[in-house]
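Subject: Structure handover

Hello,

Here is the structure for you to look through. My notes follow below it.

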Amino acid sequence: MSETVFQVFPTAGDLQRAASDLVASILRENASQGRLMVALSGGSTPRNMHLHLVEQPGIDWSLVHLFWGDERPVPHHHEDSNYRMAHESLIQHLPIPASQVHRVPTEYGPQQAAERYEREIRESFGIDDKAIPRFDLVILGMGADGHTASLFPGTKALAERKHLVVANEVPQLRTTRITLTYPVLNAARNVVFLVAGKDKSAALERVRSGHVTGDDTPAAFVRPEQGRLYWLVDQAAANER
Ligand code: 6PG
């Protein structure tokens, strides 16, 4: 891993504004590749970051392909859909070609959705069944239990090293979610974590101290081999307030 940047902000709002600046600079910096492959996060923290990102100047949105780090097994217009959150807070405000918005096809059910989504990723990157795609940017959150994307403690997806995407049974939520796996997350050029709230402080402490096992803090094992890792957190999550 080339570098890890850890920044603490007074409030979630400050974090979200700073994250939009960082995301914008990453997108500008990588535009020369001719396309920008981005995986968005679900959850609530990214929403306001998206709204700030819409206002950022100098981004060539025609180059951007959007994917998701994970998705819930719900229709894309459902209130719990990560796609819907991104559509409302980001996509509908931007000139991104619809063909470059690659939502998880949850209408096929979790297993088929995972298989179809993996095929779509491979086709979009122009890679064969053995290659691992290198996203220019993966945006992630972290739950109070240390999960990220839908890599939850004690679930099978943590051990997945072949597939890019799996349908991951999450007993603690009594659901099955579709998620990118560690091989994809750790191949990214840039990974940006957005973590806000006191409830995240114990998991974040485990990440910062390195006192983790694969089961108790999956987010700690996102360490891009040849990429930059950014942790943008608020003071509440960093236990500084
Ligand atoms: C999801 C996300 C999940 C999220 C964390 C943090 O689908 O919910 O992918 O991994 O990032 O649960 O969520 P908050 O940002 O709401 O705290």
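Predicted model: local features only at pLDDT ≥ 70, side-chain atom pairs only at ≥ 80, totals over all residues.

Numbering starts from 1 along each chain as its sequence is written, and side-chain values use heavy atoms, with hydrogens and water left out.

**Parallel sheet**

Start with the open sheet of 6 strands, in the order 1-9-8-5-2-3. Its pairing is parallel. Strands here are DSSP runs (E, at least two residues), as are helices (H or I, at least four), and both are numbered from the N terminus. Two strands count as paired if DSSP finds at least two bridges between them. Strand 1 (3-9) and strand 3 (64-68) are the edges, each pairing on one side only. From one strand to the next, the twist averages 15°. Axes are lines fitted to C-alpha atoms (for helices, over the stretch in contact), and angles run from 0 to 180 degrees between N-to-C directions.

Strand 1 pairs with strand 9 (residues 228-234) in the parallel sense, over 7 bridges. Phe9 has Asp234 as its bridge partner in strand 9.

Two helices to look at here:
- Helix 1 (residues 12-29) lies across strand 1, strand 2 (36-40), strand 5 (137-141), strand 8 (190-195) and strand 9, and runs at about 160° to strand 9.
- Helix 4 (residues 110-125) lies across strand 2 and strand 3, at about 160° to strand 3.

Contact means heavy atoms within 4.5 Å.

Strand 4 is joined to strand 7 by 2 bridges. Glu71 stands opposite Ile178 in strand 7.

Strand 6 (residues 165-170) and strand 7 (residues 175-180) run antiparallel and are joined by 6 bridges. Ala167 has Ile178 as its bridge partner. Val170 has Thr175. The hairpin has 4 residues between the strands, and Arg174 there takes a positive phi near 50°.

**Ligand**

Which residues come nearest to the ligand? Of the 16 around it, they are Ser44, Thr45, Asp70, Arg72 and Lys200. A residue is near if one of its heavy atoms lies within 4 Å. The shell divides into 2 nonpolar, 10 polar and 4 charged residues. Asp, Glu, Lys and Arg count as charged; Ala, Val, Leu, Ile, Met, Phe, Trp, Tyr, Cys and Pro as nonpolar; the others, Gly among them, as polar.

- Thr45, at 2.7 Å.
- Arg72, at 2.7 Å.
- Ser41, at 3.3 Å.

Taken alone, the ligand exposes 410 Å², and the protein buries 89% of that (Shrake-Rupley method, 1.4 Å probe).

Best wishes

Note on methods: Polar contact = N/O pair within 3.5 Å; in protein donor to acceptor, adjacent residues only side chain to side chain.
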